[in-house]
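Reader: I am new to this structure. Please pick a single part of it and take me through that part closely.

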Amino acid sequence: MLTALRGQRLALAAGCALLALAILMGGGTRQGLAADQLLQMLSLPLLWLALMRLHPKALDRGARLALAWLLLMATWIALQLLPLPPTLWMRLPERAAIAADLAAAGVAVGWRPITFDATATLRAALAWLPPIALALAALGLDSHSRVRMVQALLLICVFAILIGFAQLAGGQHSPLRWHTHTNTLEAVGPFANRNHFASLLALAVPLATAWIISATRPRPRQMAVLTHNTRLGVAITILVLLLVGIAVSRSRAGLLLAAVAVVLSAALAWRNHQESPLRAHAPGARRWLALAGLLGLVFGIQYGLVGLLDRVQQDPFEDMRWRIAANTLQAARALAPTGAGAGTFPVTYVQFEPAEQRSAFFVNRAHNDWAEWWLEGGLPMLLLLLVALLILLRATLAAWRSQGEYAPWRRAATFSVWLVLLHSLVDYPLRTTAIATVTALLLAIVFAARRGNGHAAQDTRATPDAGP
């Protein structure tokens, strides 16, 4: 028992450490960044620990489906790296033109993989290491420890917001803007892009709401009133800071995501009110949420209104991202059914970009991750994404119907994942190690085992307000 308890504490501490490093270091979007490579190496010990502690038989059906999906995705990426004989490779879409160019240069076709760039595909595969390590580690924890990890995430978000405020105070050349290519007039926190910073804060809004709901539920007798009220105050403060942080990021997408997140948070409060055993306590949660929302609106207007209005007044349909996304979809259709290979968007897009649309700016992302996934993964990737949506929808319905102290956290996690997927329609948040790792943690919350195993403690403890 002592060994199992130590293993759980070690997994929790190591998971929180990797989560913090991923958010603070993994905000870049380009491949091959030294920080991302370091995170991948640091995730290996946690991955080993997670595999040693996780028992597949203790997982629910949803978790097993999710892991099976992950295995299929890894298999398809591995197949993209498998060399094919010249006769078979030549039959793939657009390869004949490449073969003609190679012949003109005096280069033999030889055995070649599906992917246009094997190095880029390998890097794309390695980028999965931190998210997978953290997800597996969280699956091996009990619900109490998983709640602690989510609360640690919220505290890390607060630290990121403070970095954003310091960046605004330091001006365009603030040393706290540690990415070479970044937004210099807005708060970006540890990210290179204001939209991704806002995305992280928006997905945290339902989680902060779950903390407030949890804090307003009946407290254990052993919890002092002062401690209980302090934790409620911390949760309210975090929610206010999240809304203010989104405002000072001056992100149009962040503003829309925040609006959706607020609606989802209201749904969480409504669902909490419907739980008959706790209905007497639900008005407290709704009252505190309304107060937090009002404070966030007031401070957000004070610190970010002018910049937000300037951004909103720009015509979003004049944004280059719509043309890039359209070109990406055209390229995806041309390369169907196999795709160009994971991570190969930059070298592929330039072949399909109309000459009249080319400019001094290098297009490294599609600004629509769904289109980019189709371009890189082809029909197999498209089918796997459809299956993933069905699995997630099933898990969302199960979370909505769930009961107990852990239920608000699970519902909030599902909503947060949907927010990331929604943002992926107009951007590429999951291409950052930071948001990919956070999303992996949220998926572990959604699909977490409700049965204990030999290494993880039983989920028998209530989590009315399990603060760190």
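Author: What follows is a look at one helix, α9, and then at the core to which it contributes. The model is a predicted one. Its chain has a mean pLDDT of 84, with 83% of the residues at 70 or more.

Helix α9 runs over residues 194–216, which makes 23 residues. At the start of α9, a side-chain oxygen of Asn193 comes to within 2.7 Å of the backbone nitrogen of Asn195.

In soluble globular proteins, nonpolar side chains tend to be buried together. The largest nonpolar core here holds 87 residues, and Leu19, Met149, Leu154, Leu242 and Val438 have the most contacts inside it. Helix α9 supplies the largest share of this core, 14 residues. Another core, of 12 residues, lies apart from it and includes Ala331, Leu335, Val363 and Ala366.

Leu19 shows what such contacts look like: leaving aside residues up to four places away in sequence, Leu19 touches Leu134, Met149, Leu153, Ile156, Val438 and Leu441.

Two stretches elsewhere call for caution. Over residues 278–283 pLDDT stays under 50, and the model has 8 contacts for them beyond four places in sequence. Over residues 451–468 pLDDT also stays under 50, with 66 such contacts.

Terms used: Residues numbered from 1 in each chain as written. Predicted model: local features only at pLDDT ≥ 70, side-chain atom pairs only at ≥ 80, totals over all residues. Heavy atoms only, no water. Helix = DSSP H or I, 4+ residues; strand = E, 2+ residues; numbered from the N terminus. Expected span 1.5 Å × (residues − 1). Polar contact = N/O pair within 3.5 Å; in protein donor to acceptor, adjacent residues only side chain to side chain. Core = buried A, V, L, I, M, F, W, Y, C linked by side-chain atoms within 4.5 Å. Buried < 20%, exposed > 50% of the residue type's maximum accessible area, 1.4 Å probe, protein only. Contact = heavy atoms within 4.5 Å. pLDDT = per-residue confidence, 0-100.
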